[in-house]
Amino acid sequence: MGGVTSAASSPVPAETPSVLGLAPVIPVVVVRDAADAVPLARALVAGGLPAIEVTLRTPAALDAISAIADEVPDAVVGAGTLLTPEHVTAARAAGSRFLVSPGWSPRLLGAMRDSGAPFLPGVSTASEVVTLLDEGVTEMKFFPAEAAGGTAYLKSLSSPLPQARFCPTGGIGLASAPAYLALPNVGCVGGTWMLPADALAAKDWGRVTELAREAAALAV
């Protein structure tokens with residue numbers, strides 16, 4: 001992951017109390033060129049999706065988060081694919097306002113809690129959900145959503161574990177998102193369908209905005 005040029009001088013932005021209330025859809029973004037981060041974020045915000053999860057999967061990720069935090073004030077940028085406490089520290093230094101992990105460990109959970117930012121630890125089983133509830137965590141990422149049982153699985157959790165709420169991510173598209181959002185224990189979904197590879201390669205930010213607008217309309 002790349003260095004962050006502004007971390008030492010820029011304070012971490014004000015927090016949001018809950019990731020799940022930011023938007024019906026959180027775009028899950030893989031940034032390969034940090035120069036694309038700002039126009040991409042502006043395109044998503046223009047389409048009505050202010051919460052943007054930048055995954056720590058590329059060397060450009062931290063610089064992308066920093067650029068969005070500095071130059072797109074209407075965006076609420078977060079970091080995804082957090083695997084270690086060190087990832088948490090770096091993401092916060094870059095300006096991440098929320099944190100997302102595909103799974104969790106006691107050390108990672110502790111670091112996310114200590115960061116002061118809202119966070120979504122990843123779960124895929126009822127036992128993981130119960131363990132997090134015992135830790136006082138009620139908001140979680142359900143991943144990989146489609147492979148782990150989809151809407152049927154989440155619906156089955158709603159009665160015995162009504163206090164748990166989820167952001168399902170993984171394999172969800174425009175057609176399937178409404179079924180997830182209709183569940184009482186789902187606050188939002190994560191997805192990549194508004195970020196098609198050909199549009200990103202062509203830097204077609206107008207198309208990204210159009211697709212983001214379609215996704216944002218799912219809240220209606």
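Where in the chain does Thr 81 lie? In this predicted model, Thr 81 is found in the loop between strand S3 (76-80) and H3, and it has a positive phi of about 60° although it is not a glycine.

**Backbone features in loops**

- Most residues other than glycine have a negative phi, and most peptide bonds are trans.
- Against that background, Thr 81 carries a positive phi of about 60°, in the loop that runs between S3 and H3.
- A cis peptide bond, with omega at about -10°, joins Phe 143 and Pro 144, and Pro 144 belongs to the loop between S7 and H6.

- Helix H2 (residues 61-71) and H3 cross at roughly 30°, and their axes come within 8 Å; because angles under 35 degrees count as roughly parallel, H2 is described as roughly parallel to H3.
- On the H2 side this contact is made by Leu 62, Ile 65, Ser 66 and Ala 69, and on the H3 side by Ala 90, Ala 91 and Ala 94.
- By class, the residues in the contact of H2 with H3 are six nonpolar, one polar and no charged.
- Helix H3 (residues 85-94) also packs with helix H4 (residues 106-114), at an angle of about 20° and with the axes 8 Å apart, and the two helices are therefore roughly parallel to each other.
- The crossing of H3 and H4 is right-handed, and in it Pro 85, Glu 86 and Val 88 of H3 meet Arg 107, Leu 108, Ala 111 and Met 112 of H4.
- The contact of H3 with H4 comprises five nonpolar and two charged residues, with no polar ones.

**Helices H1 and H9**

- Helix H1 (residues 37-46) packs with helix H9 (residues 205-216) at an angle of about 35°, their axes being 7 Å apart, and H1 passes H9 in a right-handed crossing.
- From H1, Pro 39, Leu 40, Ala 43, Leu 44 and Ala 46 make the contact, while H9 contributes Trp 205, Val 208, Thr 209, Ala 212 and Arg 213.
- Sorted by class, the contact of H1 with H9 has eight nonpolar residues, one polar residue and one charged residue.

- Strands of a sheet pair through backbone hydrogen bonds, either parallel or antiparallel.
- S6 pairs with strand S7 (residues 139-142) in the parallel sense over two bridges, and here Val 123 stands opposite Phe 142 in S7.
- S7 and S8 also pair in the parallel sense, over four bridges, with Glu 139 standing opposite Arg 165 in S8.

Conventions:
Residues are numbered from 1 along each chain as its sequence is written. This is a predicted model: local features need pLDDT of at least 70, side-chain atom pairs count only at pLDDT 80 or more; totals for chains, interfaces and linings use all residues. Side-chain values use heavy atoms; hydrogens and water are left out. Axes are lines fitted to C-alpha atoms, for helices over the stretch in contact, and angles run from 0 to 180 degrees between N-to-C directions. Angles under 35 degrees count as roughly parallel, over 145 as roughly antiparallel, 65 to 115 as roughly perpendicular and the rest as oblique. A crossing is left-handed if the near helix is turned anticlockwise from the far one by less than a right angle, and right-handed if clockwise. Contact means heavy atoms within 4.5 Å. Ala, Val, Leu, Ile, Met, Phe, Trp, Tyr, Cys and Pro count as nonpolar, Asp, Glu, Lys and Arg as charged, and the others, Gly among them, as polar. Two strands pair if DSSP finds at least two bridges between them.
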